[in-house]
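Please examine the structure shown here.

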Amino acid sequence: MGNKRGATIYRFNNKLSIFPKCNRSNSQSDSLLNYILPSSNRSTRVFNQPSNSIFLDSKRSQVTIFIILALIIVVVILIIFLLKLKGTNIMQVIDENNPQGSIETCTKQAVEDGLERITANGGDINPGFSVQYKNENWVYICYSGEYYKQCSYQRPLLVEHIQRELVQYITPKIEDCFQKLKMKIGQSSTVIDSPGIKVSVNLFPKHVGIKIEKDFRITRGDSTVSFDKFNIVILHPIYDFADIAMEVGNQQAKYCYFDSLGYMILNPSFDIEETITSDSDKIYVVTEKATNYKYQFAARSCPLPPGY
């Protein structure tokens, strides 16, 4: 471009632009840059991404890290707690500062032991009239010794029978719990308790209720604490198991048959496995799906002679 009156002429987009001529070489560059790109765009073109998004990404990363750390801490605490619990013998937990809690813990262990035996033996602590199958005794809920004849009910009042079995099994164990507690507390306090103990057990849907009646007084200095009743609840489907076993016995006694599939459709919380042996014995295993508790028993109704 030619010079005119000390100015420099440039052509941009087919337009002529005149910039004053300056002795400093940088003036032309600055003037040209100002014309092409305004200063506001120059100052922000590098930072055209909002700064808020950068801070948000950083905050999200921090929150994610904190959540992961919190989960790790919780898992570690649970593992430590379970390891300690696994190594504790509940029957030996006798706390002189919490006598009621000690008796409840000791009683729960006795009841759970009794329930484990009862569910394995068809309602009995020690198996009664039963059949051998896979090296186990399967107690009959219903039995017939004659071919083609319907069975006779062996446990018409199964719920009441289980309650009596539990009372007989846990009463001496609960008495032992009180004796251990008395010996423990007697080292620092005076204990006065009435002789004997009254224990009652009631089965309900999904749980078992235990009631203990015994006068038990602890005197330490000028303070006296008295107990006369202990009420304990244990979650267990033993009542529901007994109800199913009685239904099996009723149908076998009437029809020589029990519709396991139909019962499971109406009661999806339970699984019923039925096996018929070569001697016409029917082996039942009832499982509560939510807890995996099991109850097993046998029935023999309308048996067939060998060869059929």
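The points below are grouped by topic.

This is a predicted model, in which local features need pLDDT of at least 70 and side-chain atom pairs count only at pLDDT 80 or more, while totals for chains, interfaces and linings use all residues. Residues are numbered from 1 along each chain as its sequence is written, and side-chain values use heavy atoms, without hydrogens and water.

**Helix packing**
- Helix 4 (residues 99-120) packs against helix 5 (residues 158-185) at an angle of about 150 degrees, and their axes are 9 Å apart; axes are lines fitted to C-alpha atoms over the stretch in contact, and angles run from 0 to 180 degrees between N-to-C directions.
- Helices are DSSP runs (H or I, at least four residues) and strands likewise (E, at least two), numbered from the N terminus.

**Aromatic pairs**
- Rings of Phe, Tyr and Trp (its six-membered ring) pair if their centres lie within 6.5 Å, and planes under 30 degrees apart count as stacked, over 60 as edge-to-face and the rest as tilted.
- The count by this rule is 13 aromatic pairs.
- Phe129 and Tyr143 pair edge-to-face, at 4.7 Å centre to centre with 75 degrees between the planes.
- Phe129 lies in the loop between helix 4 and strand 4 (130-133) and Tyr143 in strand 5 (residues 136-143), so this pair ties together parts 14 residues apart in sequence.

**A ring cluster**
- Ring pairs join Phe241, Phe258, Tyr263, Phe270, Tyr284, Tyr295 and Phe297 into a cluster.
- Phe241 and Phe270 are both buried (under 20% relative accessible area, with exposed over 50% and partly exposed in between, using a 1.4 Å probe and protein chains only).
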